[in-house]
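Hi,

Here is the structure I promised you. Please open it alongside this note; my findings follow below.

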Amino acid sequence: MTNHVTPVRTYVLVWLALMILTAVTWQVALLDLGSWNIVAAITIACIKMTLVIAIFMHARSVEALTKLYVLAGFFWLLILLAFFLMDYLSRSWQVVPRPY
Amino acid sequence: MADTIAVEHEHTPNLQHHFDNMEQQFSSATLGMWTFLLTEIMFFGGMFGAYTVYRSMYPAAFESTTHYMNVTLGAVNTMVLICSSLTMALAVRSAQVDNQKLLRLMLVLTLIFGFVFLGVKGYEYHEKWVEHLIPGPHFEYNNRAFAHEAQILFFLYFAMTGFHAIHMIVGAGLMTNLIIQSSRGRYSSQYYAPVEIVGLYWHFVDIVWIFLFPLLYLIGAHLKHT
Amino acid sequence: MSTVIESPRSEERVNYLNVKDSWKSWLFTTDHKRIAILYLISITAFFFLGGLFALLIRLELLTPQGDLVTSDTYNKLFTMHGIIMVFFFLIPSIPATLGNFLIPMMIGAKDLAFPRINLLSWYLYIIGGLTAVGSILAGGVDTGWTFYPPFSSTYSHTYVMAAAIGVFISGFSSILTGLNFIVTTHKMRAPGMTWNRLPLFVWSHYATSLIQLLGTPVVAITIALLAMERMFHVGIFDPAIGGDPILFQHMFWFYSHPAVYIMILPGMGVVSEIVACFSRKRPFGYDFIAGSSIAIAVLGFLVWGHHLFVTGQSMYASLIFSLLSMVVAVPSAIKVFNWSATMYKGSVSYQTPMLYAFGFIGLFTIGGLTGLMVASLALDVHLTDTYFIVGHFHYVMVGGMVLAYLGGLHFWWPKMTGRMYPEGWAKFSALVVFVGFNLTFFPQLILGYLGMPRRYHAYAPEFQVLNVMSTAGASVLGAGFLIPMIYLVYSLFRGPKAPANPWDARGLEWEAAPSPPPTFNFDKPPVVTREAYAYSEEAHVG
């Protein structure tokens with residue numbers, strides 16, 4: 001089979017990036033950025049995840065269909081999170097009845 | 001046409017009978033594993049959903065738990081898993097270039113990293129037991145204001161890292177099988193699909209931990225504690 | 001159109017049924033057709049077990065007083081009826097039997113992509129099913145099939161764990177089936193079998209598989225978290241530590257609503273095939289029927305909050321869920337229009353499969369319309385937890401799904417078994433099913449509107465007449481289900497041998513394989529050269 005062989009150097013560079021990003025996550029978490037803390041944490045985690053998927057899991061060299069499936073998975077997770085929060089975050093909003 | 005298929009089956013001993021050729025078999029196997037990982041995203045996703053809801057409801061209680069987490073060990077474990085992903089990726093590459101010795105070495109290293117991770121996890125669980133941080137009747141929490149809701153975070157901690165650990169143990173089993181099979185010379189550049197798909201599984205388990213570390217260990221890291 | 005019956009040959013050709021006879025060759029088979037038969041037998045057994053509970057429920061409801069069983073026992077009856085029917089009959093039914101058998105044949109493949117995983121699927125189903133049966137034999141479960149905490153986690157003294165574990169295990173059976181179908185459809189199609197030549201049956205199973213993959217894992221983790229709460233006496237749904245029982249309902253229905261589309265989409269695929277064959281016409285709007293299957297799968301994930309309208313869910317979330325619930329009806333309606341348009345100016349004949357298809361279209365429409373009624377927030381406040389809901393979902397599940405299942409079973413019976421069933425008896429029992437069904441469940445729509453609550457073993461005396469009608473209908477319906485059991489089994493031994501294509505249908509399973517097919521499906525691998533449903537052309541011989 002003629003599958004693309006990734007160079008060792010690429011793998012090592014990605015490994016290095018992941019290690020550094022782990023340290024960054026940790027250090028940034030020690031700073032008080034208010035509600036940006038969670039944004040930073042998730043953003044860095046997403047970058048790490050993208051590196052793992054793209055390079056370690058060869059997602060760049062798989063066919064378009066598989067890429068679509070991976071995206072679909074995250075999209076569905078987003079649906080779950082968004083619609084859960086849709087209920088919980090709006091429960092405290094007052095429903096003001098209007099007199100007729 | 002039936003004759004050429006029969007001939008192909010004779011020359012390619014790893015070709016299963018319902019497939020026409022190795023390409024079809026390989027791409028089916030990888031699509032199958034990616035699809036399975038899709039289901040795993042939703043499996044863990046349910047717990048991430050519960051976490052998201054409760055963190056939005058009890059932000060201060062969740063932040064108070066970081067003081068009781070062993071952040072150093074969590075970070076160490078994160079790095080251990082990243083190393084294991086490197087060795088796993090290199091194992092797949094070794095199979096692709098027919099380097100049998102390196103393949104075996106990388107698989108063994110991956111397994112060792114996996115055991116280190118599980119060992120550290122076991123130590124952490126023991127720590128939690130000793131410090132009365134297991135949710136339930138024996139839960140003791142110095143931060144009295146959050147003594148109830150903190151249990152939700154700790155329950156999710158054990159549930160999420162517990163299911164993650166179960167997946168690691170399964171991964172270790174798969175890795176062991178790969179080591180045994182590769183020592184029998186089973187894999188080569190012509191047939192390495194099992195190494196590839198176990199690799200995909202292993203990387204996915206790594207990705208789950210990449211999210212678990214900040215979400216469970218670093219929630220309130222910015223708070224100053226005496 | 002008359003059926004051509006060939007005289008039996010003196011020696012029987014080798015096919016997937018007679019190639020090997022030992023029990024090992026069945027229990028360790030990887031042949032998708034044998035696995036389909038294994039599923040057929042086990043699913044039928046569970047159907048009659050679930051039906052037994054239904055019979056007991058209807059017997060109790062003959063009288064307003066709770067006099068046949070205690071209220072605790074009654075709670076167990078409707079719980080076990082629900083668990084068995086939902087998880088061990090409806091979810092696997094068409095995909096595991098007809099889907100398993102037909103999908104490789106319809107696309108021109110020798111088997112599914114992962115035959116051993118297919119067998120594993122069946123074993124997981126059996127293990128999960130036996131675990132659930134174990135909970136019944138031990139004394140039953142009384143939480144409702146919906147397992148709501150805190151009753152299920154804390155206060156119920158019944159065998160919740162065993163039932164939950166049984167459902168958890170069988171969920172993986174469903175996931176693996178879906179996975180197999182997806183990869184098979186992508187990777188195993190014969191040369192020339194492009195996506196827009198796929199039978200609509202395959203499209204509907206593809207959409208079903210998407211739901212199985214994306215939804216089932218969520219209910220799996222939900223049940224696992226519930227089991228942990230019950231086992232450790234602490235958990236995230238426990239209000240004592242700030243947990244929210246409604247979160248369970250969110251997580252549970254995130255799967256369980258799309259699950260109803262797992263149940264109905266395969267039935268819609270069956271109806272598409274039957275309507276095309278017995279109208280002698282290509283389905284009208286093939287692209288729209290295929291696309292609407294995918295649309296139902298996607299939209300079906302966005303509506304689950306309509307099960308939570310009265311639970312304290314926020315008004316704003318309820319509004320959005322209500323709107324989306326109306327939207328999801330649109331692709332289903334598109335299908336109904338397209339089936340009707342297929343029949344228009346077609347050459348319609350009324351064999352048993354077509355009778356079931358007609359029944360499906362009518363009854364599913366009623367069920368769907370009642371669904372729209374309860375999607376409306378204001379109406380649902382009045383109708384929720386009444387018999388209106390019970391009537392609604394039985395219209396779509398029994399009037400829809402079960403009729404489609406029976407229709408598909410009859411349609412493909414000659415292909416699967418090599419025998420013809422007796423058409424006269426089949427038409428008769430289809431009529432019995434239709435009459436019995438409506439007599440059972442239409443009164444329930446009225447009862448619900450009048451305010452009779454569900455899951456109660458006693459009711460106000462003014463509801464008795466309608467309840468008696470419903471129970472009478474249930475007896476007729478039960479007979480309607482038993483009669484096919486008898487003549488279908490009889491046909492295996494005494495039925496006339498079926499030719500390869502008794503209906504003169506189009507499709508690889510009819511035109512390129514004998515009845516029953518050989519183990520690897522085709523004598524020579526098919527190559528597809530024309531569009532699907534080429535009914536206006538001459539019958540393709542062999």
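Between chain C and chain A, nine residue pairs are in polar contact, counting pairs with both residues at pLDDT 80 or more. Bear in mind that this is a predicted model. Four helices of chain C each give two or more residues to the side that touches chain A: H7 (160-187), H8 (200-232), H9 (245-279) and H11 (315-327). H11(C) gives the most, with six residues. By class, that side of chain C has 19 nonpolar, five polar and two charged residues.

The rule finds two salt bridges across the interface of chain C and chain A. One of them joins the side chains of Glu63(A) and Lys187(C), at 2.4 Å from N to O.

How many residues are involved in the contact of chain C with chain A? Chain C puts in 26 residues, and chain A puts in 16. About 1900 Å² is buried between chain C and chain A. Carbon and sulfur atoms give 74% of that area.

Now the interface of chain B and chain A. Here 51 residues come from chain B and 49 residues from chain A. The two chains bury about 4400 Å² between them, with 81% of it on carbon and sulfur atoms. On the chain B side, Trp34(B), Ile82(B) and His222(B) lose the most area to chain A. Together these three residues account for 14% of what that side buries.

How many salt bridges does the rule find across the interface of chain B and chain A? The count there is zero. Four residue pairs are in polar contact between chain B and chain A, again with both at pLDDT 80 or more. Helices H2 (22-57), H4 (71-96) and H7 (193-217) of chain B are the elements that give two or more residues to the side touching chain A. H2(B) gives the most, with 17 residues. That side of chain B divides into 33 nonpolar, twelve polar and six charged residues.

One last item, inside chain C. Helix H3 (residues 71-90) and helix H5 (residues 115-138) of chain C have axes that come within 11 Å and cross at roughly 175 degrees. Angles over 145 degrees count as roughly antiparallel, so H3(C) is roughly antiparallel to H5(C). From H3(C), the contact takes Met80(C), Ile84(C) and Phe88(C). From H5(C), the contact takes Tyr125(C), Gly128(C), Gly129(C), Ala132(C), Ser135(C) and Ile136(C). The residues of this contact are six nonpolar, three polar and no charged.

Best wishes

Technical notes
Residues numbered from 1 in each chain as written. Chains lettered and ligands numbered in written order. Predicted model: local features only at pLDDT ≥ 70, side-chain atom pairs only at ≥ 80, totals over all residues. Heavy atoms only, no water. Axes fitted to C-alpha atoms, helices over the stretch in contact; angles between N-to-C directions. Parallel < 35°, antiparallel > 145°, perpendicular 65-115°, else oblique. Contact = heavy atoms within 4.5 Å. Nonpolar A, V, L, I, M, F, W, Y, C, P; charged D, E, K, R; others polar. Buried area = accessible area lost by both parts, 1.4 Å probe. Salt bridge = Lys/Arg side-chain N within 4 Å of Asp/Glu carboxyl O. Polar contact = N/O pair within 3.5 Å; in protein donor to acceptor, adjacent residues only side chain to side chain.
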